Amino acid sequence: MLVKWLEPVIESKCEEINNELLNNENGEVYSSVISIIKENVCLGENESYELENCFLVAVRTAVEISYRKGLVDGISIYRK
């Protein structure tokens, strides 16, 4: 129940972390992925878009799962 109450904060924090990952130190990784996709002439425009989208969704999903798991673990440790 507490996690549902915190949902707006969780979403905001996950978005903040995701943006930080893609724009700071891991921005190089994102740039590399985009460069590789663009350099691959065998890929069509739709395939390139799909690969980029898959990368972004994977990062976003990892951030959200990790943040939620850490929050739930923190709450359960606090309650003990």
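Helices (H or I, at least four residues) and strands (E, at least two) are taken as DSSP runs and numbered from the N terminus. The model is predicted, so local features need pLDDT of at least 70 and side-chain atom pairs count only at pLDDT 80 or more, while totals for chains, interfaces and linings use all residues. Residues are numbered from 1 along each chain as its sequence is written, and side-chain values use heavy atoms, with hydrogens and water left out.

Tyrosine 67 sits in helix H4. Burial follows relative accessible area: buried is under 20%, exposed is over 50%, and partly exposed is in between (1.4 Å probe, protein chains only). Tyrosine 67 is partly exposed, at 25% relative accessibility. Contact means heavy atoms within 4.5 Å. Not counting residues up to four places away in sequence, tyrosine 67 touches Ile10, Lys13, Cys14 and Ile17. Tyrosine 67 and isoleucine 10 are 57 residues apart along the chain, yet their C-alpha atoms are separated by 7.8 Å.

Isoleucine 17 belongs to helix H2. Its relative accessible area is 30%, so isoleucine 17 is partly exposed. Beyond residues up to four places away in sequence, isoleucine 17 touches Val63 and Tyr67. Isoleucine 17 and arginine 60 are 8.9 Å apart in space, C-alpha to C-alpha, and 43 residues apart in sequence. Asparagine 18 is also found in helix H2, which covers residues 7-23. Asparagine 18 counts as buried because its relative accessibility is 2%. With residues up to four places away in sequence not counted, asparagine 18 touches Val59, Arg60 and Val63. Valine 63, leaving aside its neighbours within four places in sequence, is in contact with Cys14, Ile17, Asn18 and Leu21.

A nonpolar core is a set of buried Ala, Val, Leu, Ile, Met, Phe, Trp, Tyr and Cys residues joined through side-chain atoms within 4.5 Å. The largest such core has six residues: Leu6, Ile10, Cys14, Leu22, Val59 and Val63. Two or more core residues come from each of H2 and helix H4 (45-79). H2 gives the most, with three residues. In soluble globular proteins, nonpolar side chains tend to be buried together.

The buried residues of H4 are Ser48, Val59, Val63 and Ile75. Serine 48 has a relative accessible area of 18%, so it is buried. Leaving aside neighbours within four places in sequence, serine 48 is in contact with Ile37 and Leu43. The expected span of a helix is 1.5 Å times one less than its number of residues. For the 35 residues of H4 this gives 51 Å, which agrees with the 51 Å between its end C-alpha atoms.

One aromatic pair is counted. Rings of Phe, Tyr and Trp (its six-membered ring) pair if their centres lie within 6.5 Å; planes under 30 degrees apart count as stacked, over 60 as edge-to-face and the rest as tilted. The ring centres of tyrosine 30 and phenylalanine 55 are 5.9 Å apart and the planes are at 20°, so the pair is stacked. Tyrosine 30 lies in helix H3 (residues 27-39) and phenylalanine 55 in helix H4, so the pair ties together parts that are 25 residues apart in sequence.

A disulfide is a pair of cysteine sulfur atoms within 2.5 Å. The whole structure has zero disulfides. The closest cysteine sulfur to that of cysteine 14 is in cysteine 54, 20 Å away and too far for a bond. Cysteine 42 is in no disulfide either, and its nearest cysteine sulfur, that of cysteine 54, is 18 Å away. Cysteine 14 is buried at 8% relative accessible area, whereas cysteine 42 is exposed at 68% relative accessibility.

A salt bridge is a side-chain nitrogen of Lys or Arg within 4 Å of a carboxyl oxygen of Asp or Glu. The structure holds five salt bridges. Glutamate 16 pairs with lysine 13, the closest N and O atoms being 3.9 Å apart. These two are three residues apart in helix H2, so about one helical turn separates them. Arginine 68 and glutamate 64 form a salt bridge at 3.0 Å, N to O. Aspartate 73 and lysine 69 form one at 3.3 Å, N to O. Aspartate 73 and lysine 69 are four residues apart in helix H4, so about one helical turn lies between them. Salt bridges that share partners join Glu7, Glu64 and Arg68 into one network.
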